[in-house]
Structures are given as C-alpha cells and as structure tokens.
Amino acid sequence: MEKFAVLQLSGCAGCEVSLLNADAWVDKYQLVYMPLVISASGVPEVDILLVSGGVRTDEDLHNLKRSVKKANKVVAVGTCAISGGVTNLGNREEVRNFFMNQSEQRDLPRLLADCRPIADFVKVERYLPGCPPTPELFMAVLFDPPDFKAGNSVCVECNRKKDKTMKPKRLSGHLHGNVQPGICLINQGFLCIGTSTRGGCGALCTNPGQPCVGCRGPSNAFIEKESDAWFASIKKVFSKMTEIPEPEIDSALRSAQMAMFLYQFIDYAGDNPNVPSKKEIL
C-alpha cells in the first residue's frame, strides 16, 4: 500500500476537508501525515506528498523545503498552492488595476506587515480568551448567566491532587512518559502552568492528562503586572513542588513549544496600552 502525506501551509483547510469527504483512496493509500487529523513531528518518507495552502510565512517555506525531500512525487493541491490563492490577488498590481478601473470601483486588500489584535484598532467591550474557548464560555459571554463564575485558575478547577511525597528531579518532557491518574502533573514532572493560567475552561486539558500551556492567558493575579511576574511565579511553584533545577524550568518555559500561548501573557502586562481590565475578561 502506497503512503501519502498532506502538508498544510497557509490556507483554510478546505482542500483537506474535501479529501476526507472522499473514500475511494482508503483501501489503496495509507495516509501517514496530515495535521488536521494525524499528529506527527514532520512528514515521513512517502510516495506522494500533497501540498495545500500557499507560502505565506518563513515557517511555510521551511516546512515545504524540508518535506519535499521525503517524497517521490509532489502535488500542488488547490488554488492557494498553485497561485497563492485569494489572498495573493491583493498583491498583484495587474489584478488591482483591473478592479480599480471598473465602473463600480472595487478594491483588493493588501496584506499588512503583521497580524494585530483588534484592540489596536477598535474599542473592545469583552474579551473571551482560549484556543478555542469552550462551548460553555461562549454561552457565558452570550447569555451572561448570573450564576456563572470562572475558577481563579486552571489549577483550581483541576481534579488532580498534589502529592508532597513526589518531587521529580527532571522534567518529563513535552507529552512524554506515562501520566498517572489523579496526581498533579507537576508532581509527575510535566511542565504544567495551570497555577498561573486563567480558569473557566474546567481544566479541560489537565484532567485527562495534558499539561496546561496557558491558552486562556494569565489569571487575574498577573494582569497589569510586569511581564516577568508570571515567569517568576511559575518557577516558584516548581521550586516548591519539585527538585528540578531552576535553569531547566526557565529554559523549558521559554522554549518554542510554549511560545504560542505563554508569551501572550506579556500582552496583559501593565506597559501594554490596550491591556484589558479584569472585569472585561471572561
């Protein structure tokens, strides 16, 4: 059975959904990589590599160049992979001129230099952090039930219990090792930052055994404080509950795997002109 993989660059995942809606390939090909449904560290050796999405970032370019080396055949799938897609039209002068010269003037947007939060441009009344927010949080922001109260932190909502007799000497690594049920993940050596992360999610990750990575942002205790305050707090927790050297904790907190969510804590620091107040964040 031939193996194939799907490399997703910047796009909407519509091509992947279309592939999954077909089933004729199931008995003839083995799908070994597609981030939408199959997690892996990278594209393995395959017979065919389907590439969807356009090259929008340096990471896209890196992943593309690295992945094609593993494939016997490379297939550009969909408009984005073939021509850059709809977003690329805004960067093509001939297309812009065509639209601008119509009797009813139309314009195509140019891509900005970077992606900015909406509070940089408009007034925001409420903030609903999470990646994604849970359905319960969506309902809370829509209906504002009087009895809804989010936990102070993920740690408060987690059902796992701390064990003072367990003091690991090294980190277990990201998603490595066997997770013991019912015992705090920090006691097991996992880099979990639920003690400093905003509650309200019901500890959706930590209860089944996935360390908290901070997608809900900082708890109220760290809003409007200096950006290093949460780093210091997390390291203090680990110094009390483990025997792991502080440099190892500090290095892990500043690693690439934590960057997506953990560094957003800085966005709530007091030196940010758009930092929301505690009452504005659900």
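Keep in mind that the model is predicted. The chain holds 10 helices and four strands, and from one end of the sequence to the other they follow the pattern β-α-β-β-α-β-α-α-α-α-α-α-α-α.

**The β3–β4 pair**
- The two strands of the unit, β3 (residues 46–52) and β4 (residues 71–77), run parallel and are joined by six bridges.

**Around Lys169**
- Look for Lys169 in the loop between α7 (154–157) and α8 (229–241).
- Lys169 counts as exposed because its relative accessibility is 54%, and the cut-off for exposed is over 50%.
- Leaving aside residues up to four places away in sequence, Lys169 touches Glu243, Ile244, Pro245 and Glu248.
- With one of these partners, Glu243, Lys169 makes a side-chain polar contact of 2.6 Å.
- Thr242 is 73 residues from Lys169 in sequence, yet their C-alpha atoms are 6.5 Å apart in space.

**The chain as a whole**
- Of the 282 residues in the chain, 37% are buried.
- Taking contacts between residues at least 6 apart in sequence, 64% join residues at least 24 apart.
- The chain exposes about 17,300 Å², with carbon and sulfur atoms supplying 55% of that area.

Methods. Residues numbered from 1 in each chain as written. Predicted model: local features only at pLDDT ≥ 70, side-chain atom pairs only at ≥ 80, totals over all residues. Heavy atoms only, no water. Buried < 20%, exposed > 50% of the residue type's maximum accessible area, 1.4 Å probe, protein only. Contact = heavy atoms within 4.5 Å. Areas by Shrake-Rupley, 256 points an atom, 1.4 Å probe, with all protein chains shown as cover. Pairing = 2+ DSSP bridges. Polar contact = N/O pair within 3.5 Å; in protein donor to acceptor, adjacent residues only side chain to side chain.
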